[in-house]
Amino acid sequence: MTTDSHRNVSEAQALFNPAFGAYLLATGISAAVKKAGQPLPWTSTFLILPLVLPEDTRNSLPTKSTVTLTAWAHDHPRLRAAFAERAAVLTDYTRTSLRTAMRHRAVDVTASGLVCPRNPKPASAAGEEVADCARAAALVGRWLAVTEPTRAFTALGVRP
């Protein structure tokens with residue numbers, strides 16, 4: 001293996017580390033709860049990582065939540081077409097990350113959905129890509145706070 005291959009393997013391992021996924025989910029859930037003032041439906045959490053982890057999707061997200069999820073999906077048909085497969089591939093990772101978040105009390109389950117008992121720490125000191133992922137997770141969380149789960153899934157071309 002070359003040095004580039006080793007770097008790519010370690011980057012993939014870091015991205016698919018359940019603790020990292022748990023951090024991103026907690027960031028998205030926290031942003032959603034702040035925006036809506038109510039828990040995030042648990043099904044919506046399965047949309048966070050497929051929107052945040054793929055670099056092409058993350059880079060296409062707006063910097064502010066003034067653009068709605070449905071408008072963004074409409075404006076990015078290529079990414080929307082790839083989303084269903086990405087979501088399916090990341091389902092087990094999302095489940096594992098969600099269990100990790102609950103085990104470490106970063107996320108709690110209520111009768112109405114998911115909440116964060118404490119705010120996730122800012123990721124700025126952890127590196128630029130981690131900070132970009134955290135910013136994207138917060139944006140997606142704000143989107144999901146104001147979008148019914150069925151409508152969000154439909155806009156992204158997947159079934160809940």
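This report walks through a predicted model of one protein chain, from its overall layout to a few individual residues.

## The chain as a whole

The secondary structure comes to eight helices and two strands. Read from the N terminus, the elements follow the order α-α-α-α-α-α-β-β-α-α. The chain has 160 residues, and 42% of them count as buried. If you look at contacts between residues at least 6 apart in sequence, 72% of these join residues at least 24 apart.

## Helix α2 and its meeting with α6

Let us begin with helix α2, which covers residues 18-36. Its 19 residues, at 1.5 Å a residue, should span 27 Å, and the distance of 26 Å between its end C-alpha atoms agrees with that. At the start of this helix, the backbone nitrogen of A19 has a side-chain oxygen of N17 within 2.8 Å. After the helix comes G37, with a positive phi near 75°.

How are α2 and α6 oriented where they pack? The angle between α2 and α6 (residues 77-103) is about 80°, and their axes are 8 Å apart. Angles of 65 to 115 degrees count as roughly perpendicular, so α2 is roughly perpendicular to α6. On the α2 side, the residues taking part are P18, A19, F20, G21, A22 and L25. They meet Y93, T94, T96, S97, L98, T100 and A101 of α6. The residues of this contact divide into eight nonpolar, five polar and no charged.

One of the α6 residues in this contact, S97, deserves a look of its own. S97 has 0% relative accessibility and therefore counts as buried, the limit being under 20%. Apart from residues up to four places away in sequence, S97 touches P18, G21, A22, L25 and L49.

S44 sits in the loop between α2 and α3 (48-52). With 0% relative accessibility, S44 counts as buried, because buried means under 20%.

A few pairs are separated along the chain, and their C-alpha distances are set out here.

| Pair | Separation in sequence | C-alpha to C-alpha distance |
|---|---|---|
| S60 and H76 | 16 residues | 8.3 Å |
| T68 and L144 | 76 residues | 9.5 Å |
| A71 and A155 | 84 residues | 8.7 Å |

S60 belongs to helix α4 (residues 55-60). Leaving out neighbours within four places in sequence, S60 is in contact with W72, H76 and L79.

T68 is found in the loop between α4 and α5 (69-75). Is T68 buried, exposed or partly exposed? Its relative accessibility is 42%, so T68 counts as partly exposed. The side chain of T68 reaches the backbone nitrogen of A71 at 3.0 Å. A71 itself lies in helix α5 and, with a relative accessible area of 30%, is partly exposed.

## A positive phi at R105

Most residues other than glycine have a negative phi. R105 is not a glycine, yet it has a positive phi of about 60°. Where does R105 lie? R105 is in the loop between α6 and β1 (108-109). Its relative accessibility is 56%, and exposed means over 50%, so R105 counts as exposed. The other positive phi described in this report, near 75°, belongs to G37.

Key: Residues are numbered from 1 along each chain as its sequence is written. This is a predicted model: local features need pLDDT of at least 70, side-chain atom pairs count only at pLDDT 80 or more; totals for chains, interfaces and linings use all residues. Side-chain values use heavy atoms; hydrogens and water are left out. Axes are lines fitted to C-alpha atoms, for helices over the stretch in contact, and angles run from 0 to 180 degrees between N-to-C directions. Helices (H or I, at least four residues) and strands (E, at least two) are DSSP runs, numbered from the N terminus. Angles under 35 degrees count as roughly parallel, over 145 as roughly antiparallel, 65 to 115 as roughly perpendicular and the rest as oblique. Contact means heavy atoms within 4.5 Å. Ala, Val, Leu, Ile, Met, Phe, Trp, Tyr, Cys and Pro count as nonpolar, Asp, Glu, Lys and Arg as charged, and the others, Gly among them, as polar. The expected span of a helix is 1.5 Å times one less than its number of residues. A polar contact is a pair of N or O atoms within 3.5 Å; within protein, one must be able to donate a hydrogen and the other to accept it, and residues adjacent in sequence count only if both atoms are side-chain atoms. Buried means under 20% relative accessible area, exposed over 50%, partly exposed in between (1.4 Å probe, protein chains only).
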